[in-house]
Amino acid sequence: MSLFSNTAVLLSKELRTEFRSRELLTTTVVFILVVLILFSFAISPTTEESREFGPGLLWLAILFAASLMLQPCFLREQNNDTLSSLRLAVSDPFSIFLAKLIANTLFLLLTELIMLPFFAIFYNVPVLPEFHWLLLVLSLGSLGISIAGTALSAISAQARMRELLLPLLLLPLLTPVLVVSATVTVSLFERVPIVKGKGIAFLGVFDVVFLTALWLFGEYLLEE
Amino acid sequence: MTKRIIFGGVAILLVIAAAYAAFFIAPEERTMGLIQRIFYFHAATAWAGEMTFFVCFVANLLYVWKRQPKYDWLSVSSAEVGLACITVVLITGPIWAHPVWGIWWTWDARLTSTFVLWLLYVSYLLLRTLVEEPDRRAMLSALFGIFAFLDVPLVFFSIRWWRTQHPQPVIMGGSGSGSGLDPTMSKVFFFSVLAMHMLAAFLIVERYILEKMKSELDFLAREVETQ
Amino acid sequence: MKNLDSVFAAYVVGWGVFFVFYLTIAKRISNLRAELDRLKNTLPRAK
């Protein structure tokens, strides 16, 4: 049981740290907004096109934003020298990862929900009709991004050039998430019921595979 | 030393023999003609490259488990050799595709996932250059290598199932599955696979010796400094 | 004999990549060996 209680305590710590300043959330929201607007200049989409390409752009924006947002995840602990005491405090180091990745998923999901109305207006896509499916795709996609991202931010925090390294390691690894979430989102907007179930199952598989890998190998990531 | 030279010699002879077989023994493919003879080199190299990445993955796991530097040497060696193989695949692929499809590159499942594979191992080697301390570098890169290898099937199937619905040029050949191949063709193909595996193994051994010497040198340099 | 140049180019470039890769390894090995010998010579003198 100590895994869950430890995780709960650490999670509340992560959330309190963030909501005290809301730095991460505000910058990420603004970043996604900027990217979405710049995309619309680059391709100046008609309604037809934006339904086809919009979701891909949205997910690309989310991916870039996440690779920036996950940056401070372990860096902050390292700069303040809190990581070793954190490791001493918990019985299973996996709870550190679990807390961080749940927090990151929540942050990502929150920014996505804030962004969604803007996206719907700018790209003229119907978000509401299949909202529950959209929410499911966003949750599973964000969870996948956060699992891989939390693990890799622990890696990149210990290297030189870390700000550049994290996106470089993370983005190729997230190819499956981008491919599947973008395709499923397109099918939601175009009201074609083809790939939804299979795509969502695939996202679930991605999440489970990387969560298991993190559970097995997480403790080695944090060694001194 | 002599063993290494013999090993290298055998590997090179096999590769030359495989090229000879591809040009003079394998029958001419009906629709593509001469250009199809790239297949024996291209697909065999791809198989060898995938095999070396698997070796890298096993070495990564062994390092995490046993913590002996030799597994780290093996994993960096096989990652570099695998990257060389996949680079060759990515170069010979377009040379083959151009006369057949009329384009150099298409975002087809196999091409795209090979490219992502290439990118993953480029970032693996990049990560290694950015961590100074040898034990940390070995552990962090081993863990990234494990994540990257787990990602490979996910990349492949996600692209295969969801990216090939869009209209695309007709894609033929390059399957490498061996099914539907003429028996002589498949014999020549598997001989080429053997040859490329020998070449890859030889290169891994050489690269491994280099890595081992590097760590010996580090050790000696530290010893000199302390005196 | 259509496309002979393409096939030829593919084999030459492919072998070229492996050859250059091998050359860089061999060069680095010989450099390291020289360095190792130098260090081994300095060590006994320092003792």
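In this predicted model, A:Arg22 sits in the loop between helix H1 (2-21) and helix H2 (23-43) of chain A. Its phi is near 55°, a positive value in a residue other than glycine. A:Arg22 counts as exposed because its C-beta neighbours inside 10 Å number 11.

Stepping back to chain A as a whole, its secondary structure consists of ten helices and zero strands. Read from the N terminus, the order of elements is accordingly α-α-α-α-α-α-α-α-α-α. The C-alpha trace spans about 55 × 30 × 30 Å along its principal axes. The radius of gyration of chain A is 18 Å, which agrees with the value near 17 Å that a compact globule of 224 residues would have. Of these 224 residues, 44% are buried. Contacts in chain A also reach across the sequence: among those between residues at least 6 apart, 82% join residues at least 24 apart.

Helix H1 (residues 2-25) of chain B contains 24 residues and covers 32 Å from its first C-alpha to its last, close to the 34 Å expected at 1.5 Å a residue. Buried positions in H1(B) are B:Ala11, B:Val15, B:Ala18 and B:Ala22. An α-helix has 3.6 residues a turn, so residues three or four places apart point the same way. The packing partners of the buried residues of H1(B) are H2 and H6 of chain B. For H2(B), the end C-alpha atoms lie 41 Å apart, in agreement with the 42 Å that its 29 residues should span at 1.5 Å a residue. Just after H2(B) comes B:Arg67, with a positive phi of about 60°.

How confident is the prediction for chain B, and where is caution needed? The average pLDDT of chain B is 87, and 92% of the residues score at least 70. Over residues 165-179 of chain B, however, pLDDT stays under 50, although the model has 17 contacts beyond four places in sequence for this stretch. Where pLDDT is low, the predicted coordinates should not be read in detail.

Chain C itself has one helix and zero strands, and 19% of its 47 residues count as buried.

The other pair brings 25 residues of chain B into contact with 26 residues of chain A. On this side of chain B, helix H4 (109-129) and helix H5 (134-162) are the elements that give two or more residues. The largest share belongs to H5(B), which supplies 15 residues. This side of chain B divides into 20 nonpolar, two polar and three charged residues. Chain A and chain C, by comparison, have no contact joining them, and their closest C-alpha atoms are 24 Å apart.

The largest nonpolar core has 141 residues, among which A:Ile155, B:Ala44 and B:Leu199 touch the most other members. The largest share of this core, 16 residues, is supplied by H3(B). In soluble globular proteins, nonpolar side chains tend to be buried together. What does A:Ile155 contact, leaving aside its neighbours within four places in sequence? On chain A its partners are A:Leu169 and A:Leu221, and on chain B they are B:Leu140, B:Leu143 and B:Phe144.

Key. Residues are numbered from 1 along each chain as its sequence is written. Chains are lettered from A and ligands numbered from 1 in the order in which they are written. This is a predicted model: local features need pLDDT of at least 70, side-chain atom pairs count only at pLDDT 80 or more; totals for chains, interfaces and linings use all residues. Two residues are in contact if their C-beta atoms, placed from the backbone, lie within 7 Å. Helices (H or I, at least four residues) and strands (E, at least two) are DSSP runs, numbered from the N terminus. Ala, Val, Leu, Ile, Met, Phe, Trp, Tyr, Cys and Pro count as nonpolar, Asp, Glu, Lys and Arg as charged, and the others, Gly among them, as polar. A nonpolar core is a set of buried Ala, Val, Leu, Ile, Met, Phe, Trp, Tyr and Cys residues joined through C-beta atoms within 7 Å. A residue is buried if 20 or more other C-beta atoms lie within 10 Å of its own, exposed if 12 or fewer, and partly exposed in between; C-beta atoms are placed from the backbone. pLDDT is the predictor's confidence in each residue, from 0 to 100. The expected span of a helix is 1.5 Å times one less than its number of residues. The radius of gyration is taken over C-alpha atoms; the globule rule is 2.2 Å times the number of residues to the power 0.38.
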